[in-house]
Amino acid sequence: MAITVWVDADACPNTVKEVLFRAADRRQVKVTLIANQFIRTPPSPFISSVQVPAGFDVADNTIVERLQAGDLVITADIPLADEVVRKGGTALSPRGMLYTTENIKDHLSRRDMLDELRGSGVLTGGPPALDKKDIQQFANGLDRFLTRAGA
(Lines give C-alpha, C1' and ligand atoms only; values in the text may rest on other atoms or scores of the structure.)
Protein backbone atom coordinates (compact mmCIF):
# COMPACT_ATOMS: atom_id res chain seq x y z
CA MET A 1 0.00 0.00 0.00
CA ALA A 2 1.43 3.35 -1.01
CA ILE A 3 1.35 5.98 1.69
CA THR A 4 1.24 9.73 1.38
CA VAL A 5 3.03 12.15 3.66
CA TRP A 6 0.79 15.19 4.19
CA VAL A 7 2.38 18.40 5.45
CA ASP A 8 0.57 21.10 7.42
CA ALA A 9 2.81 23.50 5.53
CA ASP A 10 1.80 27.01 6.62
CA ALA A 11 3.84 26.79 9.82
CA CYS A 12 6.25 24.01 8.84
CA PRO A 13 9.87 25.18 9.11
CA ASN A 14 11.86 25.26 5.86
CA THR A 15 14.53 22.98 7.34
CA VAL A 16 11.86 20.32 7.94
CA LYS A 17 10.53 20.75 4.39
CA GLU A 18 14.07 20.20 3.05
CA VAL A 19 14.31 16.90 4.97
CA LEU A 20 10.93 15.88 3.54
CA PHE A 21 11.92 16.79 -0.02
CA ARG A 22 15.09 14.69 0.19
CA ALA A 23 13.17 11.75 1.71
CA ALA A 24 10.45 11.95 -0.98
CA ASP A 25 12.96 11.51 -3.78
CA ARG A 26 15.18 9.02 -1.95
CA ARG A 27 12.29 6.81 -0.79
CA GLN A 28 10.02 7.56 -3.76
CA VAL A 29 7.14 8.44 -1.44
CA LYS A 30 4.48 11.02 -2.19
CA VAL A 31 4.76 14.23 -0.13
CA THR A 32 1.94 16.77 -0.42
CA LEU A 33 2.12 20.18 1.23
CA ILE A 34 -1.20 21.82 2.15
CA ALA A 35 -1.15 25.57 2.86
CA ASN A 36 -3.15 28.80 2.69
CA GLN A 37 -0.36 30.35 0.64
CA PHE A 38 1.71 29.32 -2.35
CA ILE A 39 4.54 26.98 -1.30
CA ARG A 40 7.43 26.53 -3.69
CA THR A 41 8.47 22.92 -4.16
CA PRO A 42 11.38 21.40 -6.04
CA PRO A 43 10.63 19.68 -9.35
CA SER A 44 9.90 16.06 -8.46
CA PRO A 45 7.26 13.52 -9.41
CA PHE A 46 6.89 12.77 -5.68
CA ILE A 47 6.38 16.31 -4.31
CA SER A 48 3.34 18.53 -4.74
CA SER A 49 1.59 21.37 -2.99
CA VAL A 50 -2.04 22.39 -2.70
CA GLN A 51 -3.07 25.94 -1.92
CA VAL A 52 -6.36 26.16 -0.03
CA PRO A 53 -8.42 29.27 0.75
CA ALA A 54 -7.49 31.25 3.84
CA GLY A 55 -9.62 30.55 6.88
CA PHE A 56 -9.69 28.89 10.25
CA ASP A 57 -8.66 25.21 9.94
CA VAL A 58 -9.15 25.09 6.14
CA ALA A 59 -5.74 23.46 5.61
CA ASP A 60 -6.27 21.09 8.55
CA ASN A 61 -9.70 20.05 7.28
CA THR A 62 -8.30 19.45 3.78
CA ILE A 63 -5.61 17.17 5.21
CA VAL A 64 -8.16 15.19 7.25
CA GLU A 65 -10.49 14.85 4.23
CA ARG A 66 -7.72 13.50 1.98
CA LEU A 67 -5.95 11.36 4.58
CA GLN A 68 -6.05 7.59 4.20
CA ALA A 69 -5.39 5.09 6.99
CA GLY A 70 -1.65 4.50 7.22
CA ASP A 71 -0.68 7.96 5.92
CA LEU A 72 1.66 10.27 7.81
CA VAL A 73 0.91 13.91 8.64
CA ILE A 74 3.65 16.38 9.56
CA THR A 75 2.20 18.93 11.99
CA ALA A 76 2.84 20.78 15.22
CA ASP A 77 -0.95 21.18 15.64
CA ILE A 78 -1.96 18.70 18.35
CA PRO A 79 -5.74 18.87 17.68
CA LEU A 80 -4.99 18.05 14.02
CA ALA A 81 -2.70 15.22 15.14
CA ASP A 82 -5.59 13.88 17.25
CA GLU A 83 -7.93 13.87 14.21
CA VAL A 84 -5.24 12.15 12.13
CA VAL A 85 -4.76 9.42 14.72
CA ARG A 86 -8.52 8.89 15.08
CA LYS A 87 -8.74 8.43 11.30
CA GLY A 88 -6.04 5.74 11.30
CA GLY A 89 -3.05 7.86 10.35
CA THR A 90 0.08 8.82 12.21
CA ALA A 91 1.31 12.32 12.95
CA LEU A 92 4.89 13.48 13.40
CA SER A 93 5.84 16.86 14.80
CA PRO A 94 8.63 18.97 13.28
CA ARG A 95 10.60 18.15 16.46
CA GLY A 96 10.34 14.40 15.83
CA MET A 97 7.53 13.55 18.28
CA LEU A 98 5.38 10.73 16.93
CA TYR A 99 1.69 11.06 17.86
CA THR A 100 -0.06 7.72 18.20
CA THR A 101 -3.24 6.29 19.75
CA GLU A 102 -1.14 5.50 22.84
CA ASN A 103 0.06 9.06 23.51
CA ILE A 104 -2.21 11.60 21.78
CA LYS A 105 -4.57 12.11 24.74
CA ASP A 106 -1.62 13.01 27.02
CA HIS A 107 -0.39 15.53 24.45
CA LEU A 108 -3.86 17.07 24.14
CA SER A 109 -4.14 17.42 27.92
CA ARG A 110 -0.71 19.07 28.12
CA ARG A 111 -1.59 21.43 25.27
CA ASP A 112 -4.86 22.45 26.95
CA MET A 113 -3.07 23.10 30.25
CA LEU A 114 -0.44 25.26 28.52
CA ASP A 115 -3.20 27.19 26.69
CA GLU A 116 -4.83 27.92 30.05
CA LEU A 117 -1.51 29.11 31.53
CA ARG A 118 -0.88 31.35 28.52
CA GLY A 119 -4.45 32.68 28.69
CA SER A 120 -4.05 33.61 32.34
CA GLY A 121 -0.70 35.33 31.69
CA VAL A 122 1.26 32.84 33.83
CA LEU A 123 3.12 31.57 30.76
CA THR A 124 4.15 33.68 27.81
CA GLY A 125 5.69 32.74 24.48
CA GLY A 126 5.84 29.47 22.67
CA PRO A 127 8.41 26.76 22.17
CA PRO A 128 12.01 27.63 21.31
CA ALA A 129 13.17 27.73 17.70
CA LEU A 130 14.17 24.43 16.12
CA ASP A 131 17.83 23.56 16.44
CA LYS A 132 20.02 20.95 14.73
CA LYS A 133 19.13 18.33 17.34
CA ASP A 134 15.40 18.85 16.66
CA ILE A 135 15.92 18.50 12.91
CA GLN A 136 17.94 15.30 13.45
CA GLN A 137 15.18 13.88 15.68
CA PHE A 138 12.62 14.74 12.99
CA ALA A 139 14.71 13.10 10.25
CA ASN A 140 15.17 9.98 12.42
CA GLY A 141 11.45 9.79 13.22
CA LEU A 142 10.55 10.18 9.55
CA ASP A 143 13.05 7.52 8.54
CA ARG A 144 11.74 5.05 11.17
CA PHE A 145 8.13 5.62 10.03
CA LEU A 146 8.97 5.20 6.33
CA THR A 147 11.00 2.06 7.02
CA ARG A 148 8.12 0.49 8.98
CA ALA A 149 5.70 1.50 6.22
CA GLY A 150 7.89 -0.22 3.64
CA ALA A 151 8.60 2.99 1.76
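Here are some questions and answers on how the terms apply to this predicted model.

The model is predicted, so to speak of local features takes pLDDT of at least 70 and side-chain atom pairs count only at pLDDT 80 or more, while totals for chains, interfaces and linings use all residues. Residues are numbered from 1 along each chain as its sequence is written, and side-chain values use heavy atoms, with hydrogens and water left out.

Q: Why is V5 called buried?
A: Its relative accessible area is 1%. Buried means under 20% (exposed is over 50%, partly exposed in between, with a 1.4 Å probe and protein chains only), so V5 counts as buried. V5 is found in strand β1, residues 4-8. Across the protein, 41% of the 151 residues count as buried.

Q: Which residues is V5 in contact with, leaving aside its neighbours within four places in sequence?
A: They are L20, V29, K30, V31, T32, L72, I74 and L146. Contact means heavy atoms within 4.5 Å. As for L72, it sits 67 residues from V5 along the chain, yet their C-alpha atoms are separated by 4.8 Å.

Q: What makes a set of residues a nonpolar core?
A: The members must be buried Ala, Val, Leu, Ile, Met, Phe, Trp, Tyr or Cys, joined through side-chain atoms within 4.5 Å. The largest such core here has 25 residues, and V5, V7, L20, I74 and L142 have the most contacts inside it. Two or more residues come from each of β1, α1 (14-27), β2 (30-35), β4 (72-74) and α5 (132-148). Helix α1 gives the most, with six residues. Another core, of 16 residues, lies apart from this one and includes I34, A59, V64 and V85. In soluble globular proteins, nonpolar side chains tend to be buried together.

Q: Which residues of helix α2 are buried, and what do they pack against?
A: In α2 (residues 58-66), the buried ones are A59, D60, T62, I63 and V64. They pack against β1, β2, β4 and α3 (78-86).

Q: How much of the accessible surface belongs to carbon and sulfur atoms?
A: The share is 53% of about 8,400 Å². These areas come from the Shrake-Rupley method with a 1.4 Å probe; for residues, only the protein chains shown count as cover.

Technical notes
Helix = DSSP H or I, 4+ residues; strand = E, 2+ residues; numbered from the N terminus.
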